[in-house]
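Visitor: Hi, I'm new to this one. Could you walk me through it?
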Amino acid sequence: MAAHDAISIIRAKRDGASLSDEQIDWAVNAFTHGEMADEQMSALAMAIVLRGMDRRETARWTHAMIETGRRLDFTGLPRPTVDKHSTGGVGDKITLPLAPLVAACGAAVPQLSGRGLGYTGGTLDKLESIPGWQADIGVGRMREILADPAGGAVICAAGADLAPADKRLYALRDTTGTVESIPLIASSIMSKKIAAGTAALVLDVKVGSGAFMRTRDEAHALATTMVELGTDAGVDTVALLTAMDTPLGRTAGNALEVGEAVEVLAGGGPADVVELTLALAREMVALAGLDTDPADALADGRAMDHWRTMVRAQGGDPAAPLPTAAHIDHLPAPATGVLTRLDALAVGIAAWRLGAGRTRQGAPVQAGAGVRLHAVPGDRVTAGQPLLSLHTDTPETFDRARHALAEAITVAEEAGEHGARGPLILERVAVDRP
Ligand code: URA
């Protein structure tokens with residue numbers, strides 16, 4: 001196909017046509033190899049935002065992105081592989097206890113993860129707060145850890161050769177107002193997950209103020225598209241829609257979240273983190289065809305043993321004290337009554353401004369920075385009691401963090417009909433195999 005076909009492909013999508021497999025393969029390849037200009041791909045991405053893509057087009061787009069890079073292969077391991085992906089939320093540390101827990105149940109969990117950009121933290125940033133822990137390990141080492149009966153869980157950095165088309169396209173979408181498209185988001189996430197070589201996948205699709213998808217309908221549509229993409233590509237995929245109006249657990253930050261994950265592995269931790277960890281673990285264990293109850297593996301310490309092995313296998317010291325911030329300030333409860341709202345987005349932005357997140361790719365993050373919640377929606381509070389503590393090495397950020405939280409908190413005299421926290425797990429999405 002000639003290079004000028006970029007224009008006919010853009011025009012076709014602009015006018016609402018369905019693109020052929022050949023047109024999609026050509027556009028994704030030409031863009032990846034610099035034969036389709038950034039402005040042409042931006043125009044095509046905008047046409048897709050406005051016109052959408054059907055199931056066949058989205059599957060082909062995903063396939064074309066996978067084919068631009070390497071596809072990992074974990075067949076032949078002595079255990080079934082199963083992975084998890086979250087669309088990202090505030091205080092979402094679930095991967096940390098989940099991966100060793102599912103490994104303790106007998107599965108191999110190959111999790112290629114990313115660093116955070118913006119207010120939702122990256123799993124690698126969290127793990128890097130553990131002294132010595134390294135995100136960059138090769139595929140050979142990954143395979144060894146996955147095969148180890150005492151291990152079985154790896155959380156590491158995705159190599160640049162995994163769906164390289166997505167890397168380029170995501171950077172372009174980020175600067176051209178073309179992130180918000182269900183087929184583009186779904187193909188971006190699923191191209192990386194399918195290329196990573198897992199046999200099964202559980203998706204945690206977040207809904208609410210602290211999530212990408214603000215409404216239940218949008219989240220349902222995204223989950224359905226991703227489950228279809230995985231299933232069509234031969235990866236057994238299930239999604240849970242889960243609430244993200246208030247932070248998960250009681251911490252948002254890097255070392256703060258690792259500390260909370262360790263509490264869960266030790267049999268304690270906040271009830272919502274335990275509930276979601278077990279719900280996702282049950283889905284993963286079922287997809288892997290294993291007959292173990294994750295609650296038992298959590299209660300009897302096997303999950304904690306696999307956590308320690310996982311951390312050590314990547315150079316970390318699971319017994320080392322976690323870094324703490326140099327400065328802590330408190331935000332008091334504004335009134336006496338019931339805390340009825342603590343907005344996830346505001347807490348995420350505050351943690352980010354305190355130094356837990358980055359404003360540009362490659363910038364460092366502070367290991368100890370973040371927010372600790374001393375009360376959660378539904379709790380009674382007394383005016384002046386510490387409601388949140390703000391942690392940072394850079395105290396000049398306190399004012400901006402407080403500013404982010406100015407409208408985030410509601411304390412009412414009584415809980416009222418909206419006072420109690422709604423359900424955490426909203427829906428399960430699965431489709432029949434083709
Ligand atoms: N995460 C991704 O990996 N891609 C998107 O498009 C959005 C979120």
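Predicted model: local features only at pLDDT ≥ 70, side-chain atom pairs only at ≥ 80, totals over all residues.

Visitor: Okay, and how far is Ser 188 from a nitrogen atom of the ligand?

Guide: For Ser 188, a polar atom of the side chain is placed 2.6 Å from that nitrogen atom.

Visitor: What about Lys 192, what's its distance to an oxygen atom of the ligand?

Guide: An N or O atom in the side chain of Lys 192 is 2.5 Å from an oxygen atom of the ligand.

Visitor: Which residues surround the ligand?

Guide: Around the ligand are Tyr 170, Arg 173, Ile 185, Ser 188, Ile 189, Lys 192 and Phe 212.

Visitor: Switching to helices: at what angle do α1 and α2 cross?

Guide: Helix α1, residues 5–14, and helix α2, residues 21–32, have axes that come within 11 Å and cross at roughly 120°, which makes α1 oblique to α2. Their crossing is left-handed.

Visitor: Which residues make that contact?

Guide: Asp 5, Ala 6 and Ile 9 take part from α1, while Gln 23, Trp 26 and Ala 27 take part from α2; by class, that gives four nonpolar residues, one polar and one charged.

Visitor: And α5 with α11, how do their axes cross?

Guide: The axes of α5, residues 95–104, and α11, residues 255–265, cross at roughly 35° and come within 8 Å. Here Leu 96, Pro 97 and Pro 100 of α5 meet Glu 257, Val 258, Ala 261, Val 264 and Leu 265 of α11, and the contact has seven nonpolar residues, no polar ones and one charged.

Note on methods. Residues numbered from 1 in each chain as written. Heavy atoms only, no water. Axes fitted to C-alpha atoms, helices over the stretch in contact; angles between N-to-C directions. Helix = DSSP H or I, 4+ residues; strand = E, 2+ residues; numbered from the N terminus. Parallel < 35°, antiparallel > 145°, perpendicular 65-115°, else oblique. Left-handed = near helix turned anticlockwise from the far one by under 90°. Contact = heavy atoms within 4.5 Å. Nonpolar A, V, L, I, M, F, W, Y, C, P; charged D, E, K, R; others polar. Near = heavy atom within 4 Å. Polar contact = N/O pair within 3.5 Å; in protein donor to acceptor, adjacent residues only side chain to side chain.
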